[in-house]
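This briefing covers the strands, helices and ligand surroundings of one structure.

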Amino acid sequence: MIEVRNIHYSVGPLKLIENVSFDVQPGELLAIIGANGAGKSTLLKLLCKEIAPTEGKIYLREQPIETYKLDVLAKFRAVLAQINTLSVSFKVHELVMMGRYPHFVNKPGEEDVQIVKTVMEETGITGFANRDYNTLSGGEQQRVQLARVIAQIYGQPKGLLFLDEPTNGLDLLYQQQILSLARGLANRGYCVVSILHDINFASRYADKVMILKKGKRIAFGVPREVVTSENIHEAFNIQVRLFHDEEFKCPLVIPSMALSEQTTIK
Ligand SMILES: Nc1ncnc2c1ncn2[C@@H]1O[C@H](COP(=O)(O)OP(=O)(O)OP(=O)(O)O)[C@@H](O)[C@H]1O
């Protein structure tokens with residue numbers, strides 16, 4: 001459903017993305033991980049059609065991305081950006097309804113109203129439907145934003161959801177809630193691509209993990225093949241100890257004491 005073929009993206013002489021290829025199928029959650037500045041957000045912007053590759057091709061639902069008009073794309077592809085502050089005040093239910101804007105002209109239809117209601121229930125935010133968004137905690141706001149983007153593609157066969165660090169700044173419970181909602185969407189057939197900083201959450205929730213380093217793909221595949229101490233060392237320049245969780249059947253990493261003891265901040 002998402003096919004990325006040998007894409008490059010350069011700004012002047014700077015090569016921000018170099019020869020990256022991968023596929024994401026319906027029902028899959030792909031986590032993109034990598035050090036700061038590795039090119040994760042740039043790659044997500046390319047997938048969202050915010051910027052265009054300098055070389056290579058991206059296909060969404062078997063169609064080249066450049067052939068989609070943005071209003072068509074908005075009906076089946078939603079993006080949760082990193083920064084979601086609002087300068088004007090909106091009620092939570094109004095904000096979730098914004099996700100439906102690509103689907104109606106003047107006034108939401110009955111289906112839009114029903115979708116907003118259902119999504120608010122599914123994301124557990126019905127209790128704050130009438131609250132001012134700006135009075136919510138960061139974790140609550142993020143859940144509302146996720147509800148908005150889910151509402152945008154709700155019921156769309158082969159909907160695509162792109163998340164840029166959706167768990168940033170959230171406590172463990174909210175991180176888990178956001179990622180299990182993303183996982184639930186993938187289980188319903190959506191294609192979910194998320195940038196994540198937490199390798200263990202990526203390993204626990206994603207079907208596939210891609211590691212980027214300096215704009216290049218250094219690993220791509222199922223977590224047990226990609227989340228290895230060698231790959232983590234190469235991508236993050238850190239030694240880790242690797243564990244295998246029997247219940248979730250995924251590798252987990254913890255920074256090794258030996259290297260952090262050697263590390264000094266200059
Ligand atoms: N328009 C641009 N012009 C020049 N350099 C850019 C531009 N956009 C991004 N970069 C640089 O490209 C590199 C990759 O940026 P990007 O935001 O994609 O990284 P990232 O992996 O998302 O990082 P982080 O984890 O810190 O958010 C960075 O060094 C950034 O400064």
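Two strands count as paired if DSSP finds at least two bridges between them. In this predicted model, His8 stands opposite Glu55 in strand 4. Strand 1 (residues 2-11) and strand 4 (residues 55-60) run antiparallel and are joined by five bridges.

- Another open sheet, of six strands, has the order 6-7-8-3-9-10 and mixed pairing.
- Its edge strands, strand 6 (77-80) and strand 10 (216-221), each pair on one side only.
- On average, neighbouring strands of this sheet are turned by 15 degrees against each other, direction ignored.
- Strand 3 (residues 29-34) runs parallel to strand 8 (residues 191-195), and four bridges join them.
- Within this pair, Ile32 stands opposite Ile195 in strand 8.
- Helix 6 (residues 172-187) lies across strand 3, strand 7 (160-164) and strand 8, at about 150 degrees to strand 8.

**Ligand shell**
- The residues around the ligand include Val11, Leu14, Gly39, Lys40, Ser41 and Thr42.
- By class, the shell divides into four nonpolar residues, six polar and one charged.
- Strand 2 (14-24) and helix 1 (40-47) each supply at least two shell residues.
- Helix 1 gives the most, with three residues.

Notes: Residues numbered from 1 in each chain as written. Predicted model: local features only at pLDDT ≥ 70, side-chain atom pairs only at ≥ 80, totals over all residues. Near = placed C-beta within 6 Å. Nonpolar A, V, L, I, M, F, W, Y, C, P; charged D, E, K, R; others polar. Axes fitted to C-alpha atoms, helices over the stretch in contact; angles between N-to-C directions. Contact = placed C-beta atoms within 7 Å.
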